[in-house]
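Here is a short briefing on the complex displayed below. Points are grouped by topic.

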Amino acid sequence: MTQDRKTFVAWLQAAPMMLVFALFFLLPLLFVTIVSAWDYNEYEMIPAFSLRGYTDTFEGCIADLPNLCTILKTYLNTLKLCLLTWGLTLLIGFTVAYFLAFHVRSKTWQIVLTLLCTIPFWTSNVIRMIAWIPLLGRNGLVNRGLEGAGLIKQPLEWLLFSEFSVVLALVHLFTFFMVVPIFNSMIRIDKRLIEAAYDAGASGWQTLVNVIIPLTKPGIVIGSIFVITIVMGDFVTIGVMGGQQIASAGKIIESRLNALQFPAAAANAVILLGVTILIISALTRIVDIRKEL
Amino acid sequence: MSERRPRSFYFLAAFFSAYVLFLYGPMFAIYILSFQGPDGGLTFPMNGVSLVWFGKVFSGSGIVDIGAAFKRSLQLGLMVMVLTVVLSVSAGLAFRRSFRGATFLFYVAIASLIMPSIITSLGIALEFRLLDDFIIKSGAANWTTAMGLFTSGLGAHLTWTLPFGLLIMFAIFNRFDGRLEEAARDLGATPWQTFRHVVLPIILPSVVGIGLFGFTLSWDELARSSQTIGSVNTLPLDLQGLTTTVTKPDIYALGTLTSAVSFLVIFSALVVILVLQARQRRHGSDAGKGMV
């Protein structure tokens, strides 16, 4: 086969996937951008240029100063949930990956334990959320246990349908996205480097900080991108675990959609996208993703 | 391995066990509670043991039409699985050579993976709305909508499963020995024969893995489906709807059933992968065993 024909075949092989992404990802994103600058009334969108979607979103942001307007408050709250979840998933994910990569010695056990962490990822997120109800509810196991131990008189109300339960569920659902890339970076570390550090007199802690963490940075960044983008756009977990009472960037879009205000929803999507891209580009400055696969 | 475990091992092992308990504990709580007696509530203690709530789910009383949602999710999941496998393997093969737009496709796949689902979902919904408007304006007065489970819904699911499929293909071909194909070519195999009899058998266990991802990710998909499947619901959407209204353990029974399907699929896929790997080891190399 000539080189040209080979390239053509490769192109044909990739074309179906490209087509799916073009139709169901790139084109939709284009429509979101266009529609965000359309006008709308109570029940339909009007294809005429208008920045109402944006101005409605930022309504009162200048007039209400120095108080924060709704949209800024919501974004700050989403960022707070995001940071909490990120910190916890990173801490737990790193520790779990470290154990799997450096302390589990047999290959078979490594596979079995990794699989053990992966299986919940293949089961339903909604079920893993409602699974907390019997534990955290007013009559749940935690409250019963604490009451039984005489530590509290009344059931704790903040256990369920609160920011606490939202972060708990997010950590529960998405730590997996941290474990996998960090583990992947860790098993590629040349074990001789660690021996060298040991021989040069480094303590376990010094080896961790000066050798392992720098070499694991790509995995940490990739995991962070996953977790941060998921939490920034999340509306399902925050909805279910927050008892539909907590506002978030994703939930604004959802409620605009439910009100059939498509241009407003699209404008919010564009804003969310902008914020997400900012965070990701800040993170990718630290590492080149393509090199790590 | 006579070297003694350091103290940190025991600390980390305890941490890992706690993490696994954290992962599985709550899930098992609802599996157990779904067998709650007829008078039981949403929390412990168990008030007797029964299959009442499973019966409620199957008979459809007191709960939305679960049977239909179950069937829809199953059909969609299988279709997503097949398409994910075929498109990922095909694109994975393409990425072994350089072709125009390879880098672009790679970044689009990554972007699709990390794009907040609500944005993708909104975009697809807008696309189909505009398409419907266009068709109606073009004179098809009876047109209702192009949006549906197997159009917009299928597309939305693929934007989520295909990136996983592609990344798994990358992992496979990073370890693939290209000399095997050269050998096949030297023996006169056509490109198709090389793929069918050399490449495919070697990558098959991982391809089953892609299928596993394709099905389970679609079976449980919620955020991207939310705006894109038209008038009917998939199982996860029904489940999410029930979280705000249901006060009886039938939601747990439904959760247990949904998980059972997931576990069945995961278990079958793992068995198939193990069998294929064992087969590969048996048939893998006859070097040094003389002529067959």
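**The contact between the chains**

The contact draws 67 residues from chain B and 73 residues from chain A. The model is predicted. The predictor assigns the complex an ipTM of 0.88 and a pTM of 0.88.

**Chain B's side of the contact**

- Seen from chain B, α1 (7-33), α3 (66-94), α4 (102-114), α5, α6 (149-174), α9 (235-245) and α10 (250-283) each supply at least two of the residues that touch chain A.
- The largest share of this side comes from α1(B), with 16 residues.
- By class, the side of chain B that touches chain A has 45 nonpolar, 18 polar and 4 charged residues.
- Chain B has a mean pLDDT of 85, and 93% of its residues reach 70 or more.

**A helix pair across the contact**

- Helix α13 of chain A (residues 262-284) packs with helix α5 of chain B (residues 117-137).
- Their angle is about 145 degrees, and their axes are 10 Å apart.
- The crossing of α13(A) and α5(B) is left-handed.
- From α13(A), the contact uses F262(A), A265(A), A266(A), A269(A), L272(A) and L273(A).
- From α5(B), the contact uses I119(B), L122(B) and L126(B).
- The contact of α13(A) with α5(B) has 9 nonpolar residues, no polar residues and no charged residues.
- Beyond its neighbours within four places in sequence, A266(A) is in contact with L122(B) and L126(B) in chain B.

**The largest nonpolar core**

- The largest nonpolar core has 140 residues.
- Those that touch the most other members are V32(A), A97(A), W132(A), V179(A), A266(A), A269(A) and L122(B).
- The largest share of this core comes from α8(A), with 15 residues.
- A266(A) and A269(A) also belong to the contact of α13(A) with α5(B), as does L122(B).

**Chain A overall**

- Chain A has 13 helices and 2 strands.
- Its C-alpha trace spans about 80 × 70 × 40 Å along the principal axes.
- Chain A has 293 residues, of which 42% count as buried.
- Take the contacts in chain A between residues at least 6 apart in sequence: 67% of them join residues at least 24 apart.

**Positive phi in two loops of chain A**

- F161(A) is not a glycine, yet has a positive phi of about 55 degrees.
- F161(A) sits in the loop between α7 (141-148) and α8 (163-186) of chain A.
- F161(A) counts as partly exposed because it has 19 C-beta neighbours inside 10 Å, and a buried residue needs 20 or more.
- L260(A) is not a glycine either, and has a positive phi of about 60 degrees.
- The place of L260(A) is the loop between α12 (249-258) and α13 of chain A.
- L260(A) counts as partly exposed because it has 14 C-beta neighbours inside 10 Å.

**Helix packing within chain B**

- α1(B) and α10(B) pack at an angle of about 115 degrees, and their axes are 8 Å apart.
- The crossing of α1(B) and α10(B) is left-handed.
- I30(B), Y31(B) and L33(B) of α1(B) make the contact with Y252(B), G255(B) and T256(B) of α10(B).
- By class, the contact of α1(B) with α10(B) has 4 nonpolar, 2 polar and no charged residues.

**Two positions and their distances**

- I277(A) lies in helix α13 of chain A.
- I277(A) is exposed because 12 other C-beta atoms lie within 10 Å, and the cut-off for exposed is 12 or fewer.
- I277(A) and W38(A) are 239 residues apart along the chain, and their C-alpha atoms are separated by 23 Å.
- K248(B) lies in the loop between α9 and α10 of chain B.
- K248(B) counts as partly exposed because it has 18 C-beta neighbours inside 10 Å.
- K248(B) and W53(B) are 195 residues apart along the chain, and their C-alpha atoms are separated by 8.5 Å.

Definitions and conventions: Residues numbered from 1 in each chain as written. Chains lettered and ligands numbered in written order. Predicted model: local features only at pLDDT ≥ 70, side-chain atom pairs only at ≥ 80, totals over all residues. Axes fitted to C-alpha atoms, helices over the stretch in contact; angles between N-to-C directions. Helix = DSSP H or I, 4+ residues; strand = E, 2+ residues; numbered from the N terminus. Left-handed = near helix turned anticlockwise from the far one by under 90°. Contact = placed C-beta atoms within 7 Å. Nonpolar A, V, L, I, M, F, W, Y, C, P; charged D, E, K, R; others polar. pLDDT = per-residue confidence, 0-100. Core = buried A, V, L, I, M, F, W, Y, C linked by C-beta atoms within 7 Å.
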